[in-house]
Amino acid sequence: ICKNEKIKYDMEGLEQIANVSSGGMRDSISLLDQVQVLGKVNLASVREVLGKSDAHMVEKMRGFILKMETQQALDLVDEIYMSGSCLLEFSQDLILSVREQMYVELDNNSDLAAKLSRIISLFYELKQKFQDSGLMRQTLEVFVIQTENIFDCQMPTSNETKVAQAPSENLSAKSAKSEKSAKSEKSAKSE
């Protein structure tokens, strides 16, 4: 279509259109039509039409979150919001980026992979809570602040988990003994 219509393009732009439209021809043509109005069909023009976030900004945000640089991350949310970029698209790109890193870390650092998994879960929980309000900026701000808690707390090792469960097992055994004693005392008093 681009060649026949003499539309200037690069492959990155066309690939982005194909990805966004999930290979659907009609959606691709419609998006191509919108983007070509801006001039050359390239990644920047496709992102502009879609309100897509810049990959550099996504990586920057992921870095701030992983380093627990909360204020810088909040400033970046504000910057993205003020630029007019779609925060929903940005947040989805961010979560995809975190997910990709989670899979890389599964073999290298299972503790980090587990924390990344909790970050993804946290995002979806918050997104669900804020969904009706349409307050994506506030959702991202709360998300950024709460991710710091995930990295602040240490995840228990399997031995720590067993130790942590032991007192509750002891309490259950003690309460069972107490109930037995109380029943014995009751029956002794009634006799």
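Student: At what angle do H5 and H7 pack?

Tutor: In this predicted model, the axes of H5 and H7 lie 9 Å apart. The angle at which these two helices pack is about 60 degrees.

Student: Are H5 and H7 parallel, antiparallel, perpendicular or oblique to each other?

Tutor: Angles under 35 degrees count as roughly parallel, and those from 65 to 115 as roughly perpendicular. The angle between H5 and H7 is about 60 degrees. H5 and H7 are therefore oblique.

Student: Is the crossing of H5 and H7 left-handed or right-handed?

Tutor: The two helices pack at about 60 degrees. Their crossing is right-handed.

Student: Which residues of H7 make the contact with H5?

Tutor: H5 contributes Met 57, Val 58, Glu 59, Met 61, Arg 62, Ile 65 and Leu 66 to the contact. On the side of H7, the residues are Phe 90, Asp 93, Leu 94, Ser 97, Val 98 and Gln 101.

Student: How many residues of the contact of H5 with H7 are nonpolar?

Tutor: The residues of this contact fall into three classes, with 2 polar and 3 charged. The nonpolar residues number 8.

Student: What span does helix H8 reach from its first C-alpha to its last?

Tutor: Helix H8 runs over residues 110-130 and has 21 residues. At 1.5 Å a residue, 30 Å is expected, and the span of H8 is close to that value. From its first C-alpha to its last, H8 reaches 30 Å.

Student: Which helices are included in what covers the buried residues of H8?

Tutor: The buried residues of H8 are Leu 112, Ala 113, Lys 115, Leu 116, Ile 119, Ile 120, Leu 122, Phe 123 and Leu 126. An α-helix has 3.6 residues a turn, so residues three or four places apart point the same way. What covers the buried residues of H8 includes H5, H7 and H9.

Student: Is Gln 16 buried or exposed?

Tutor: Gln 16 belongs to helix H2, residues 11-20. Buried means under 20% relative accessible area. Because its relative accessibility is 14%, Gln 16 counts as buried.

Student: With which residues is Ser 28 in contact, leaving aside its neighbours within four places in sequence?

Tutor: Ser 28 is found in helix H3, residues 25-36. At 15% relative accessibility, Ser 28 counts as buried. Apart from neighbours within four places in sequence, the contacts of Ser 28 are Ile 17, Ala 18 and Ser 21.

Student: How many helices does the secondary structure of the chain have?

Tutor: Buried residues make up 30% of the 191 residues in the chain. The secondary structure comes to 0 strands, and its helices number 10.

Technical notes: Residues are numbered from 1 along each chain as its sequence is written. This is a predicted model: local features need pLDDT of at least 70, side-chain atom pairs count only at pLDDT 80 or more; totals for chains, interfaces and linings use all residues. Side-chain values use heavy atoms; hydrogens and water are left out. Helices (H or I, at least four residues) and strands (E, at least two) are DSSP runs, numbered from the N terminus. The expected span of a helix is 1.5 Å times one less than its number of residues. Buried means under 20% relative accessible area, exposed over 50%, partly exposed in between (1.4 Å probe, protein chains only). Contact means heavy atoms within 4.5 Å. Axes are lines fitted to C-alpha atoms, for helices over the stretch in contact, and angles run from 0 to 180 degrees between N-to-C directions. Angles under 35 degrees count as roughly parallel, over 145 as roughly antiparallel, 65 to 115 as roughly perpendicular and the rest as oblique. A crossing is left-handed if the near helix is turned anticlockwise from the far one by less than a right angle, and right-handed if clockwise. Ala, Val, Leu, Ile, Met, Phe, Trp, Tyr, Cys and Pro count as nonpolar, Asp, Glu, Lys and Arg as charged, and the others, Gly among them, as polar.
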